[in-house]
Amino acid sequence: MTIRDQVEEQFRERFGETATLVVRAPGRVNLIGEHTDYNDGFVMPMAIDRAVWIALRPTRGREVTVHSLDFDVTDSFGLDGFKTPPGSGAEIAWIEYLRGTAWALAEAGHALHGWEGVMAGDVPIGAGLSSSAALEMATARAFAEAGELPWDVATMARLGQRAENGWVGVNCGIMDQMISASGRAGHAFLLDCRSLEGRHVPLPTGMAVVVLDTGTRRGLVDSAYNERRSQCEAAAAHLGVSALRDVSSQQFDAREQELDDLTRRRARHVISENERTERAAQAMTAGDAGRLGKLMNASHQSLRDDFEVSSDALDAMASIARRTPGCMGARMTGAGFGGCAVALVHADQARVFSEEVAAIYAAETDNEPAVYVCTAAAGADRVDRE
């Protein structure tokens, strides 16, 4: 039984009739372009075929009631006034992502209608595949369908980001919500983090994307993240630009000796990663999987050596993936220090590849991995009945 079938069946059992609407929003993996977002640079995420689903019906009341199959809990909240945001710190309950999205929509002037629904998803929580953005965009889509709100991808993505920043208390960028809202089947999305403009680029024919969860989590790395951000800002200020996005590799080569070793390496990663990301989009457009794989490998090396945000587990996973038959390239993905790697693999070898990598990694590290063979999916949408 699919997740869609589950939420529709449970809706009938709980509410005594068929849901009038079904919406979904996907998680994502970033193929290349890491730690470039806060430098006004380029990223290239892909919406994956793992999503949050909500079966619902609009109501006449001013309340939202949702049963989560994943947590086996029913919760609700009103739409007439919102209490103080929970903020960061303690673990945030799942309902706060829905409430926060409603708050952001209302704050932006949208008239909200109540609804009741059943929700479930298969985006792994805490694996760096953006389960929170999938939940926010599924919720936004539910409100849009229940209240006939206009669905503008960039606007809704910003409101999802606003919910996470202002209500949940996580200082995320725009990438996760944007790709969850705007994904296209068979494509990744080259996003300019300064203008929020982008274009869909096709995955090379015959390729699959495999997400390799190391079974480790990055823990509390806020200080490391903030430190690297400050180093990037210092480099940009010294080079006389507003962000490292504005420095070419040629310009950097001419002036890199002006920077201390640590700042130089941080800047070199961001500048080279921006260029790798744009070249990766060109390779994908040309259907050149080999070139894309080499760029992914180079990205991992830069993140490991220049930006120093990899880990022993991530290095091991990427290395094992690269030497396993079928792999064109592999790199860590996400903020680093733990979480997932991503590999570009021949689709007809993806299943065997996944089994071999998981077995070798478990034997070499004593960590328990999880492996997900993914296809590029469409963004948040209403799912009509067949």
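## Pairing of strands S6 and S7

Two strands count as a pair if DSSP finds at least two bridges between them. In this predicted model, strand S6 and strand S7 (residues 198-202) are joined by five bridges and run antiparallel.

How enclosed is strand S6 (residues 187-192) by the rest of the structure? Five of its six residues are buried, so S6 is largely enclosed.

## The chain as a whole

Stepping back, the protein chain has 11 helices and 12 strands. Its C-alpha atoms fill a box of roughly 65 × 50 × 40 Å along the principal axes. A compact globule of 386 residues would have a radius of gyration near 21 Å, and the protein chain agrees with this, at 21 Å.

Of the 386 residues, 55% count as buried. Among contacts with a separation of 6 or more, 73% come from residues 24 or more positions apart.

## Surface and charge

The protein chain has an accessible surface of about 16000 Å², and carbon and sulfur atoms account for 46% of that surface. As for charge, the protein chain carries 38 positive and 55 negative charges, whose mean positions are 3 Å apart.

## Helix H10 and its cover

Helix H10 spans residues 312-322, and its buried residues are Ala313, Leu314, Ala316, Met317, Ala318, Ile320 and Ala321.

What covers the buried residues of H10? The cover includes both helices and strands: helix H9 (289-305) and helix H11 (350-365), along with strand S8 (207-213), strand S9 (327-333) and strand S10 (340-346).

## A buried glutamate

Glu96 is worth a look in your viewer. This residue lies in helix H2 (residues 95-107). Is Glu96 buried or exposed? Its relative accessible area is 14%, and buried means under 20%, so Glu96 counts as buried. Apart from neighbours within four places in sequence, Glu96 is in contact with Pro86, Trp167 and Val168.

Note on methods. Residues numbered from 1 in each chain as written. Predicted model: local features only at pLDDT ≥ 70, side-chain atom pairs only at ≥ 80, totals over all residues. Heavy atoms only, no water. Helix = DSSP H or I, 4+ residues; strand = E, 2+ residues; numbered from the N terminus. Rg over C-alpha atoms; globule rule 2.2 N^0.38 Å. Buried < 20%, exposed > 50% of the residue type's maximum accessible area, 1.4 Å probe, protein only. Contact = heavy atoms within 4.5 Å. Areas by Shrake-Rupley, 256 points an atom, 1.4 Å probe, with all protein chains shown as cover. Lys, Arg positive; Asp, Glu negative; His and termini not counted. Charge placed at Lys NZ, Arg CZ, Asp CG, Glu CD.
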